[in-house]
Amino acid sequence: MAGRFEGVSHVEWRLFEDIFPPAPPKRGRGMPHVPFRKILNTLLYGLITGCRWCDVPCGPQWASKSATHRWLQRWQADGTLAAMQARILGIAEERGMIHWEYGAVDGACSPWEGGRRGRRARGARPGDPHPQPHRGARHAPGQPDHAGQGGRAGTSAAVA
């Protein structure tokens, strides 16, 4: 099958091997740490295919979804992912695979307020400068939930 990801090759692994932090020391009890190459395989599989965490494959070259997610969070925090991205972009730029002059960004669906096209906060009305979050509070029976809303149908609004 064309485009199928089977894991990083030995040459590809050599490109990233020195970026990763040193392997943690072996623990006395419990499962041993998964090798970083298996973590990278699983992480790249998820990024390339766009699958959910629960759909990552199982097998000898893959890591578990929980271990992969845990290391992803650690690598995000300590800058390992940024170093990997910089290395990939550097190699691609050296080989002429990236043409920065042709780049474009489309902000039409941006949630920011530039064109007022993003989503409003829950409970916000158009033109409301200070939207109030909905907290699920209920009013007493016969009390209107919203301004302009009367009580229940068939009941009188004037209750003595």
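Contact here means heavy atoms within 4.5 Å. Keep that in mind for the model on screen, which is predicted.

Let's start with M84. Set aside its neighbours within four places in sequence. M84 is then in contact with F16, I19, F20 and L40.

Now the core. The largest nonpolar core has 18 residues. M84 is among those with the most contacts inside it, along with F20, L40 and W75. Which helices build this core? α1, α2, α3 and α4 each supply at least two of its residues. The largest share, five residues, comes from α2.

Next, the largest pocket. About 480 Å³ of space lies in it. It is lined by 17 residues, and the closest to its centre are V8, E12, F16, L44 and I88. Three helices each give at least two residues to the lining: α1, at 10-16, α2, at 36-49, and α4, at 80-94. The largest share of the lining comes from α4, with six residues. What is the lining made of? It divides into 14 nonpolar residues, one polar and two charged.

Last stop, T68. This residue lies in helix α3, residues 65-78. Is T68 buried or exposed? Its relative accessible area is 1%, and buried means under 20%, so T68 is buried. What does T68 touch? Beyond its neighbours within four places in sequence, T68 is in contact with I39, T42, L43, W53 and A63. One distance to finish: T68 and V56 are 12 residues apart in sequence, and their C-alpha atoms are 9.9 Å apart in space.

Definitions and conventions. Residues numbered from 1 in each chain as written. Predicted model: local features only at pLDDT ≥ 70, side-chain atom pairs only at ≥ 80, totals over all residues. Heavy atoms only, no water. 1 Å grid on protein atoms, 1.4 Å probe; cavity = no way out; pocket = protein on both sides within 12 Å on 5 of 7 lines; lining within 4 Å. Points joined across faces, edges and corners; volume = space filled by probe spheres on them. Helix = DSSP H or I, 4+ residues; strand = E, 2+ residues; numbered from the N terminus. Nonpolar A, V, L, I, M, F, W, Y, C, P; charged D, E, K, R; others polar. Buried < 20%, exposed > 50% of the residue type's maximum accessible area, 1.4 Å probe, protein only. Core = buried A, V, L, I, M, F, W, Y, C linked by side-chain atoms within 4.5 Å.
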